[in-house]
Amino acid sequence: MNDQQPLNNLLPDIRKKALKRVKKRPPHESAASWSGDDLLYSGPGRSIFIVLPTPGCAWALAGSGGCSMCSYIADSPLEEVSSEELVEIFKVEFQRQIQNQEITGPTAIKIFVSGSFLNEEEIPREARREIFQIINEYDDVEEVVVESRPEYVSEEVLRDCCQLIPDKIFEVAMGLESADDTIRLQRINKGFTLEDFQKSMDIINQLKSDFKVQGKVYLLVKPVLTSEREAIEDAVKSAQYAAEIGVGRVSFCPSTIHKGTLMEILWRRGSYQPPWIWSALEIIKRVRESVNIPVIMDTAGFGTRRGPYNCKKCNSKLKDLIIKTNINQTIPEEVECDCKNKWVADVEFSDVTRSTTNLMKNR
């Protein structure tokens with residue numbers, strides 16, 4: 001990317017306009033929960049997902065404008081939420097899922113905050129501790145998973161969390177997105193280097209002798225300004241890097257078009273398309289052949305106008321195939337469809353035909 005088109009000159013303005021369109025809601029209306037089958041470290045099980053309302057991702061609210069593909073900040077109340085209210089909301093959502101289906105057998109609790117759970121400006125320490133104490137009462141809960149940017153990962157915070165759930169796996173999921181600094185910084189605007197990420201993983205790895213603590217990475221499949229071929233190669237290399245430095249699990253997130261983002265602007269101009277579902281299949285085949293840790297391919301948005309897409313004949317079939325292999329961690333079987341030749345051609349020539357859109361024009 002050249003010096004005339006830096007994302008940090010674009011994203012603050014895009015974010016500011018997007019936030020003006022956000023309709024503020026009371027914190028409890030921003031909360032959500034659901035559950036479903038999932039792959040745990042011990043094998044197939046169930047995960048309970050709980051979204052807690054917080055002031056929002058500190059990086060997205062900073063002068064940087066946040067990441068080029070993310071609009072999760074729009075789901076936040078954009079105001080301080082007290083510890084008492086956060087705990088009460090957690091209790092309500094947690095009990096709702098238990099009433100739908102009792103916790104029996106291997107279960108994971110995954111807590112999302114549209115930001116960083118370990119940032120005490122978003123989740124105060126008092127709320128974090130009380131939430132973990134509630135979870136610790138359930139013996140069948142084997143894992144507690146939270147999300148955080150690497151700058152909030154410290155030995156003090158991790159020890160505090162692990163000591164509250166001593167017999168459970170505590171996993172910190174971080175959006176590395178790519179092991180390539182150029183892609184992560186200049187195309188995604190993630191705001192941290194590979195060295196920053198490695199420091200957080202060093203802390204996690206050092207604590208493994210004392211606690212059941214793990215690191216997990218999210219990898220973005222096809223950031224903006226990235227060709228189909230480059231997206232595949234970067235995803236595979238990034239997963240291999242993650243496995244080498246001790247990450248416990250990898251979760252691929254193929255791009256979907258979120259409102260109020262640079263990715264949406266480029267998509268509307270015809271200068272960006274989410275990855276093919278064929279590319280997602282190619283990535284998990286190659287990665288599962290080369291690493292020995294669980295590898296998940298998120299299928300959110302598959303087959304939709306704003307998500308990964310092949311054709312109407314095979315979208316649903318391939319989505320179901322990927323979901324199945326996420327649970328059993330097998331290498332997907334070969335599938336044929338008329339649209340596959342188009343994907344092959346796109347991969348072969350995408351570096352030649354990639355967009356030269358002027359990002360500064362009419363933004």
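Analyst: Gladly. Let's begin with the nonpolar core: a set of buried Ala, Val, Leu, Ile, Met, Phe, Trp, Tyr and Cys residues joined through side-chain atoms within 4.5 Å. Buried means under 20% relative accessible area, exposed over 50%, and partly exposed in between (1.4 Å probe, protein chains only). This is a predicted model, where local features need pLDDT of at least 70, side-chain atom pairs count only at pLDDT 80 or more, and totals for chains, interfaces and linings use all residues. Residues are numbered from 1 along each chain as its sequence is written, and side-chain values use heavy atoms, with hydrogens and water left out.

User: Which residues have the most contacts inside the largest nonpolar core?

Analyst: They are Leu52, Ile111, Leu118, Phe132, Phe170, Phe252 and Trp278, in a core of 81 residues. Helix 11 (residues 277-290) gives the most to this core, with seven residues. Helices (H or I, at least four residues) and strands (E, at least two) are DSSP runs, numbered from the N terminus. There is also a second, separate core of 20 residues, which includes Cys67, Ile188, Leu220 and Trp267.

User: What is Leu118 in contact with, leaving aside its neighbours within four places in sequence?

Analyst: Contact means heavy atoms within 4.5 Å. On that basis, the partners of Leu118 beyond those neighbours include Val146, Tyr152, Val157, Cys161, Phe170 and Val172.

User: How should I read a strand?

Analyst: In a regular strand the side chains alternate between the two faces of the sheet. Here, take strand 6 (residues 213-221): nine of its nine residues are buried, so it is largely enclosed by the rest of the structure. Val213, Gly215, Val217, Leu219 and Val221 are buried on one side, and Gln214, Lys216, Tyr218 and Leu220 are buried on the other.

User: Which strands pair with strand 6?

Analyst: Two strands pair if DSSP finds at least two bridges between them. Strand 5 (residues 169-177) runs parallel to strand 6 and is joined to it by six bridges, with Met174 opposite Val217. Strand 7 (residues 249-254) also pairs with strand 6 in the parallel sense, over six bridges; there Tyr218 has Ser251 as its bridge partner. For an antiparallel case, look at strand 1 (32-40) and strand 2 (residues 43-51), joined by nine bridges. A hairpin connects these two strands through two residues, and Ser35 is the bridge partner of Ile48.

User: And how do I read a helix?

Analyst: An α-helix has 3.6 residues a turn, so residues three or four places apart point the same way. In helix 12 (residues 315-328), the buried residues are Asn315, Leu318, Leu321, Ile322, Thr325 and Asn326. They cover an arc of only 140° around the axis, which puts them on the same side of helix 12 (the arc is that of the directions from the helix axis to the C-beta atoms). On the other side, Ser316, Asp320 and Lys324 are exposed. The cover over the buried residues of helix 12 includes strand 1, helix 11 and strand 8 (295-297).

User: What about backbone angles?

Analyst: Most residues other than glycine have a negative phi, and most peptide bonds are trans. Asn189 has a positive phi of about 65° although it is not a glycine. It sits in the loop between helix 7 (181-187) and helix 8 (194-207), and is buried at a relative accessible area of 9%. Leu225 also has a positive phi of about 65°; this residue lies in the loop between strand 6 and helix 9 and is partly exposed, at 29% relative accessibility.
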